Amino acid sequence: MSAVSAEAVSGGQTRAPGPARPVEGAPLAPAPRLLPALAAVYRAQLSRARVARIPLLFVATFQSVGIMVLMRGVVDGGEAARAVVAGSSVLVVAFVALNLLAQYFGQLRAGGGLDHYATLPVPPAAVVLGAAGAYASFTVPGTAVTAVTGSVLFGLPMAHLWVLAAVVPLAGAALAGLGAAIGLLAPRQELATLGGQLGMSAALLLGVLPAGHLPQPVAWARDLLPSTYGVEALAHSYDAHPDWLRVVADLGVCAAVGVVSLAVATWAYRRAAVR
Amino acid sequence: MCTVRGLVKTYPAARGRRGTPAAPPVRATDGIDLEVRRGEIFGLLGPNGAGKTTLVRQLTGLLRPDAGSVQLLGHDLVRHPERAARLVGYLGQQSTALDELTVALAAETTGRLRGLPLAAARAERDAVLDELGLAPLADRPLKKLSGGQRRLACFAAALVGERPLLVLDEPTTGMDPVARRAVWAAVDRRRAEHGTTVLLVTHNVIEAETVLDRVAVLERGRIIACDTPAGLKRLVGDEVRVDLVWRDGPPLDVPEVAALRAAAHETGRRWSLRLDPERARAAVAAVTGGPAFAALDDFTLTTPSLEDVYLALGGADRGLVKG
């Protein structure tokens, strides 16, 4: 007869925070798994749009549509028009996912709100991915409205606008990851706000202006900004015969930045939650 | 069930800015020993800045102590701070994370993040909201509620997903008496049904006297006394507290009043005295009869409270709420 309990045997196979792991002392309450916890955080964050509808859903759209109306007087068609529409659409993502999320995490950290999550057995990745996912989702209506309005305004073909279905989540992941990392790493709330604002301003200036006319150093800065690749992917889709390989490559950059920045943000959350 | 030994946490010195001197390092908890028993409501009483919140943050794994040990139900929380979240239900002072959620969603989400499956989280959410009388507010965002209601909603969230230890940091701040009663009834029920232990941070002496089984008095990061409220009161003996309020000023020309002045703690028109019953009777007789009575606006005679204990133990005379 074996002296090893069934629990101890199965304990080796369950994942670390699982309830069956044998530990001395009183039994620990089960910790939620990543996906259910992520779903719960995502749903809760998404519901905040009901309370904070105007900043989360409308301001960015008004800003982008305003910029396009302004540029309509300067630009009439061609490559410049594509750059303006694509840049303005992705700007919605930058405003919400980068700027507002950086502000949110900065505020949460300064106001002691992280304690709430830190005293729950929730995996850090669930908090970061849930919030980032929700903020990326907030950009969907604004980006779609901006892209369609811009296409009508500048007379661009809408046949390939479905590319937005890939641009929004991937650029959203990249920019929300950056926003979360900035918000959680900034030593003070004001610096988190400033970081988010600067990131958004960069996305505005470098994304909306056509790349061909930029001086070389600014063009390099443009290449460093992850939102650029979302803008490029969208701009290419306006071609009569889009170079899909380039579109996929651009989106791949967004995805890679998203993975890295979300990993950094998760690390930053862990660091910020327990001092 | 919870044993704390030699807990020390020092906040580093704040760098001085131009024109202001640097603040010295602060020992927020300075060698704290504590023993909380299963099923009791244990209180931490002290003025603001005494180190109460720093202490509970170390017990909940939010803050790493510089030295010392925390054992909770057989788990070493200094070595494994992440286990605290699976043993402790915590109600902090801030509601930032929940402010923009509805009361129902705040409770449900917190339950899910405590590891409850969806159906169980919803069932517990409904039960807790009913228990605390929050059901009519279930669909309102916390942001739109009054301070006391918001606090109650956060308390509800802290209860969803049962834990053997509840750490409540000033849970009843801003609540009306109905909400307070709901909180203490909910705590009592959990204690009776599940043997739940409660660690309560408060600076409200009345609350401390009525709900606590035992209380530790904190002052500048140290525990200066720890006993039952009645036991602590015995420390100040049978001294009685006499409060005198003068109409304009004390009639110092009356010799009995002039003699009392040495023992009085004066705040404006109010004199506070701690006297043995014999002298208290004599003092009251002196001020209520004779010429001093004309100058007297009001007087009260009370048996010792935890506040008197706190003062008698050498606590600084500020920061405790009496109401």
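Into which domains is chain B divided? Select residues 2-233 of chain B for domain 1 and 238-303 for domain 2; these bounds come from an automatic or database domain assignment. The centres of domain 1 of chain B and domain 2 of chain B, taken over C-alpha atoms, are 40 Å apart.

This is a predicted model, in which local features need pLDDT of at least 70 and side-chain atom pairs count only at pLDDT 80 or more, while totals for chains, interfaces and linings use all residues. Residues are numbered from 1 along each chain as its sequence is written, and chains are lettered from A and ligands numbered from 1 in the order in which they are written.

Next, select chain A. Its C-alpha atoms fill a box of roughly 80 × 40 × 35 Å along the principal axes. Colour by secondary structure: chain A has 11 helices and zero strands (DSSP runs, H or I of at least four residues for helices and E of at least two for strands, numbered from the N terminus). Of its 275 residues, 49% count as buried (20 or more other C-beta atoms within 10 Å of the residue's own, with C-beta atoms placed from the backbone).

Now select residues 83-105 of chain A, one of the ranges that the unreviewed UniProt entry annotates as "transmembrane region"; positions are in the numbering used here, feature names are shortened, and annotations may be inferred rather than shown by experiment. Residues 83-105 are 100% helix and 0% strand, with end C-alpha atoms 31 Å apart.

Move on to residues 198-215 of chain A, also among the annotated ranges. Here the chain is 61% helix and 0% strand, and 20 Å separate the end C-alpha atoms.

Methods:
Buried ≥ 20, exposed ≤ 12 C-beta atoms within 10 Å, placed from the backbone.
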